[in-house]
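Hi everyone, thanks for coming. Let me put the structure up on the screen, and then we'll walk through a few spots together.

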Amino acid sequence: MAKPHVLMLPFPAQGHVTPLMELSHRLVDHGFEVTFVNTEVYHARVLSALPPAAGGAAALGGIRLASIPDGLAKDDDRKDLSKLVDSCYRHMPGHLERLVAELEAAGRPKVTWLVGDLNLGVCYEAAKNLGIKVASFWPESAACLAIMLSVPKLIEEGLFNDQGWAERDEAFQLVPGTPPLHTSLMPWMDKMGKPVGEPAVFEAITRFNEFYNLADVVICNSFHEAEAAALKLFSTNILPIGPLFADQELQKPVGHFLPEDARCIKWLDAQPDGSVVYVAFGSLAVFDPRQFVELAEGLELTGCPFLWVVRPDFTAGLNKAWLAEFQKRVASTGIIVSWCSQQQVLAHRAVACFVSHCGWNSTTEGVRNGVPFLCWPYFFDQFLDRSYITNVWRTGLELSPSADGIVTKEELRSKVEQVLGDREIKKRAWLLMDAARRCIGESGSSHKNFTTLVNLLGK
């Protein structure tokens, strides 16, 4: 009998690919055939980032990788989110239909389910037209999803206009127990209160209810104890199955766009327990040279060992001579890498705290390992995640910029000292870690929800 065949479709961004790749590994382990569909550009990057020693694509352990065009020209700027979203929405549904036909023509088992990112919900109707059921995957917090689905109501109530700009300057909270948020820091905005990717991104968000209602089931990378109040807002059946991870050993590739620096774990192995400040800002945040220098000198001021992830495109125009001199000064205490296996790093005994942009994957990975946070959000749902960390769970502190918008080296040193010296923060982080691990354990709520999902997808 043929294995049930599931198509996985993430929005083309690292933070969307990772959790769906983790879920894919879990489904393969449960006997599914999985075809993972990236856009062509990111498909190529995932392949080139795979470690050669792991056997390349074969290391994806049963996950077949496929690609479809995003509709943009090869040299178009895919960091222009308005252009990317607009093109994906216009072109990807048709390309997805063609891919399904190609898979069937090649003799692959019939695709029975699409596990598709709600951010690409425009593809759900194409799947339905082919007789494929839809599991809508939400890669951010349940509170974020509840806000997105409330957008028409929030516009009607006059909090925002139909372009996503705040009409009122006030704090906002869905219900008690969910993170309080200012109207200028909503999950479609940057830190200046401007909607990101105008106009296409907010236009897409206004269609989320339409996409959500097309789904046969909705799943999210969260867990009950972290988001009890937010999860109560959903009348339809939503299955929180997080925190997601690919395998217990954290060895399986999860679709990184950049090669991992193999030095990280060896370097951490040589550090004392609970001593290292881990610093990483995800795949999209960028710093100007002045802020980069303040961060670097702040890490030096702490006197703590640090592991800092600096992507090749993280800062433009930095003085290379200054950076070389800085690296020489901190060579005995710090290491700078271009990318790492973050799950392995956060699970390491040496890590003391996490200076983070507070993307949801980073947030749940820190939570799963009981690591306190220093929060430095950049845009989108990261402000909401910071509010969870600092206001609801109280497992970290916020880094506050000065009047000119710069987080100073003195602010970083002071907050590192505070978070490392605060036993209550550490205790709350450990309690939340225990709750997360119970949820994904044998009789936990996320484990039961995952079993429900497996049974559904197997029908």
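Here's one to start: which helix does Gln-343 lie in? Gln-343 lies in helix α13, residues 342–346; helices here are DSSP runs of H or I, at least four residues, numbered from the N terminus, and strands are runs of E, at least two.

A quick word on ground rules. This is a predicted model, where local features need pLDDT of at least 70 and side-chain atom pairs count only at pLDDT 80 or more, while totals for chains, interfaces and linings use all residues. Residues are numbered from 1 along each chain as its sequence is written, and side-chain values use heavy atoms, with hydrogens and water left out.

Back to Gln-343. With a relative accessible area of 9%, Gln-343 is buried (under 20%; exposed is over 50%, partly exposed in between, using a 1.4 Å probe and protein chains only). Its side chain makes a polar contact with the side chain of Arg-368, at 3.4 Å. A polar contact is a pair of N or O atoms within 3.5 Å; within protein, one must be able to donate a hydrogen and the other to accept it, and residues adjacent in sequence count only if both atoms are side-chain atoms. Leaving aside residues up to four places away in sequence, Gln-343 touches several others, including Glu-22, Phe-245 and Glu-365, where contact means heavy atoms within 4.5 Å.

Now, cysteines. What about Cys-358? Its sulfur is 3.6 Å from the closest one, in Cys-375, so that is too far for a bond. Cys-88 and Cys-358 are both buried, Cys-88 at 0% and Cys-358 at 0%.

Helix α18, residues 445–457, gives the largest share of the lining, three residues.

Terms used. Disulfide = S-S within 2.5 Å.
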